[in-house]
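Please brief me on the charged and aromatic side chains of this protein. Keep it short and grouped by topic.

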Amino acid sequence: MRCTQCGKEMPDGARFCTNCGAQMNQNMYDQNTYNQNTYDQNPPEQNLSPIQKLKKEWKDLYTVVAIVVVLLVAALIGLAVKKMNEPKNTKELDEIQAILDEEDEEEEPKEDVMEEETEEEEIVEEEPEVQSLLEQDYILPNSNATYLTQADLAGMTIQEINYAKNEIYARHGRRFKSQELTNYFTSKSWYQGTYDPDDFDANYSASVLNDYEKKNAELLRQVEFSMNPNGYQLDQ
């Protein structure tokens, strides 16, 4: 240590400077002693012996290896947990999918049954269609035996009115120039076209038609032309 007054190097433990006689500071001695002890306990790396350096390197290596081992163990644990939550193999996946498909197939027939029941209900609720007058054997079956009224003709179309008027003549075998009327009356089992239209009108109409038929034919003609000034247009 050195004297704080003159800077003379003094031996350790000296109480007075041999150069200037100044009293040495005890704290300086204690501090120097502490620094020396610290230096002895933790010497710089360049002052370590080869054995000490080797021990230090192995200590650092052990620390790194320990960290790596901990990380590897954590990764393995994570993989194990993931594997536990996944199906073991492809076969197991196929079995699960097959079960799901069977459940879907079991639900589908229920829907089909419900649809069939709904269709049956709809069929039951449907009302039978009213047969068209033109599909019947006669449009006005009693036109040759009773007088018709406006009420009897209510709701009829102009086509049905025209056909009903010519039905009176068709009963007596009159043929028709209109192909439409010819096709319609030849579809009836009772019709037999015997007389030429002009011949029937000139020579037979007045004699073969009874009073009911004459009056009813006139009424039908009036109703037809009241519905359309030109009457029903045949063969359109």
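The points below cover salt bridges, a charged patch and aromatic pairs.

This is a predicted model. The structure holds 5 salt bridges. A search of the whole structure finds 13 aromatic pairs. Selected cases follow.

**Salt bridge between helices**

- E224 and K165 form a salt bridge, with 3.1 Å between the closest N and O atoms.
- This pair links distant parts of the chain: E224 sits in helix α9 (residues 211-227) and K165 in helix α5 (residues 158-170), 59 residues apart.
- E224 has a relative accessible area of 2%, so E224 is buried.
- K165 is also buried, because its relative accessible area of 14% falls under the 20% limit.

- K215 and D211 meet through their side chains in a salt bridge of 3.9 Å, N to O.
- K215 and D211 are 4 residues apart in helix α9, so about one helical turn separates them.
- K215 is partly exposed, because its relative accessibility is 48%.
- D211 is partly exposed as well, with a relative accessible area of 39%.
- R221 forms a salt bridge with E218, and the closest N and O atoms are 2.9 Å apart.
- R221 and E218 lie 3 residues apart in helix α9, so they too are separated by about one helical turn.
- R221 counts as partly exposed at 36% relative accessibility.
- E218 is partly exposed, with a relative accessible area of 33%.

**Negative patch**

- D101, E102, E103 and D104 gather on the surface in a patch of negative charge.
- E103 belongs to helix α3 (residues 90-125).
- E103 has a relative accessible area of 41%, so E103 is partly exposed.

**Aromatic rings**

- A pair of aromatic rings is described by the distance of the centres and the angle of the planes.
- Among the 13 aromatic pairs, F185 and W190 form one that is edge-to-face, at 6.2 Å centre to centre and 65 degrees between the planes.
- F185 and W190 are both buried.
- Y195 and F200 form a tilted pair, because their ring centres are 6.0 Å apart and their planes stand at 45 degrees.
- Y195 is partly exposed, because its relative accessibility is 27%.
- F200 is buried, because its relative accessibility is 0%.
- One aromatic cluster is formed by Y138, Y163, F176, Y184, F185, W190, Y191 and Y232.

How values were computed:
Residues numbered from 1 in each chain as written. Predicted model: local features only at pLDDT ≥ 70, side-chain atom pairs only at ≥ 80, totals over all residues. Heavy atoms only, no water. Patch = residues over 30% accessible without salt bridge, like charges linked within 9 Å, V, L, I, M, F, W, Y side chains within 5 Å. Areas by Shrake-Rupley, 256 points an atom, 1.4 Å probe, with all protein chains shown as cover. Salt bridge = Lys/Arg side-chain N within 4 Å of Asp/Glu carboxyl O. Lys, Arg positive; Asp, Glu negative; His and termini not counted. Charge placed at Lys NZ, Arg CZ, Asp CG, Glu CD. Helix = DSSP H or I, 4+ residues; strand = E, 2+ residues; numbered from the N terminus. Buried < 20%, exposed > 50% of the residue type's maximum accessible area, 1.4 Å probe, protein only. Phe/Tyr/Trp six-rings, centres within 6.5 Å; stacked < 30°, edge-to-face > 60°.
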